[in-house]
Amino acid sequence: MKMDVLTLFPEMFSGVLGSSILKRAEEIKAVSYRVVNFREYSDNKHQTVDDYPYGGGAGMVLKPQPIFDAVEDLTAHSESKKPRVILLCPQGERFNQKKAEELAQSEHLIFVCGHYEGYDERIREHVVTDEISIGDFVLTGGELGAMVIIDSVVRLLPDVLGNEQSHIKDSFSTGLLEHPHYTRPAEFRDMKVPDVLLSGNHRLIDEWRAKESLRRTFLRRPDLLEEYTLDDKQKKWLQEFLKEQESDKKKS
């Protein structure tokens with residue numbers, strides 16, 4: 001996969017793309033990164049990329065010309081017929097694991113990281129294929145959002161994590177939150193690892209993990225269960241959790 005990032009602050013990406021899993025992904029050629037300062041595409045001698053909004057108002061607006069030219073140049077040198085052009089924007093589609101999995105199937109992603117008050121609307125209408133938000137809050141620019149999406153997508157690429165099962169059981173990948181994890185020692189400050197995990201019985205361990213995954217989702221993100229199809233065993237567990245919750249309320 002090829003990833004291009006259009007930003008006014010390319011130095012922000014050096015530590016992120018040059019570390020940990022993202023660095024390893026590039027080393028094994030699962031992905032290639034290019035971070036471009038789109039100010040270089042400005043057609044005026046001062047390399048300005050923003051201007052005052054028509055109609056007045058606070059802040060500055062990102063001009064269309066530098067973004068149009070940058071995306072056209074990157075697309076012209078792309079092996080993909082139509083790269084996905086992602087605009088980081090608080091008005092965009094809420095990013096989630098399903099979207100990460102969708103983007104991971106692409107050959108070429110171009111991220112547009114803006115600053116200032118907003119984008120000229122013609123960028124949205126004629127350049128961008130996806131508008132994405134990482135949450136209902138406002139950042140000073142799109143760079144941090146792009147880093148989040150890049151990290152989420154790259155770890156899904158073949159051979160990047162080493163263990164191909166790692167991301168399959170992640171929270172949200174199955175539709176539920178991930179079950180609790182434990183490691184050595186078996187007892188720490190009088191806190192013990194659940195006996196089932198020490199039993200060596202993989203059938204019971206798998207069942208415990210499935211149940212605790214459902215329990216954690218029920219307690220922390222019940223909204224996820226609205227679109228999740230429960231099997232008969234999970235329905236029975238859910239009834240147990242509801243009874244436990246009612247019992248705890250009575251005790252309190």
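Student: Which backbone nitrogen does the side chain of T217 reach?
Tutor: Before that, a word on the model: it is predicted, so local features need pLDDT of at least 70 and side-chain atom pairs count only at pLDDT 80 or more, while totals for chains, interfaces and linings use all residues. Residues are numbered from 1 along each chain as its sequence is written, and side-chain values use heavy atoms, leaving out hydrogens and water. A polar contact is a pair of N or O atoms within 3.5 Å; within protein, one must be able to donate a hydrogen and the other to accept it, and residues adjacent in sequence count only if both atoms are side-chain atoms. Here the side chain of T217 reaches the backbone nitrogen of L177 at 2.8 Å. A polar atom of that T217 side chain also lies 2.8 Å from the backbone oxygen of S213.

Student: Is T217 buried or exposed?
Tutor: Buried means under 20% relative accessible area, exposed over 50%, and partly exposed in between, with a 1.4 Å probe and protein chains only. T217 counts as buried because its relative accessibility is 0%.

Student: What is T217 in contact with, leaving aside its neighbours within four places in sequence?
Tutor: Contact means heavy atoms within 4.5 Å. On that basis T217 touches L176, L177, P222, L224 and L225.

Student: Where is the place of T217?
Tutor: Helices are DSSP runs (H or I, at least four residues), strands are E runs of at least two, and both are numbered from the N terminus. T217 sits in helix α8, which covers residues 202–220. Other buried residues of α8 include W208, L214 and F218. Among the elements covering the buried residues of α8 are α7 (195–198) and α9 (232–251).

Student: What caps the N-terminal end of α8?
Tutor: That's N201, with a side-chain oxygen 3.2 Å from the backbone nitrogen of R203.

Student: How much space lies in the largest pocket?
Tutor: Rolling a probe the size of a water molecule over the atoms shows where empty space is left. On a 1 Å grid over the protein atoms alone, using a 1.4 Å probe, a pocket is an open set of points with protein on both sides within 12 Å along at least five of seven lines, and lining residues have an atom within 4 Å of a point. The largest pocket holds about 520 Å³. It is lined by 16 residues, and N96, Q97, F172, R221 and L224 are the closest to its centre. Helix α4 (residues 97–103) gives the most to this lining, with 3 residues.

How values were computed. Grid points are joined across faces, edges and corners, and a volume is the space filled by probe spheres set on the points. The expected span of a helix is 1.5 Å times one less than its number of residues.
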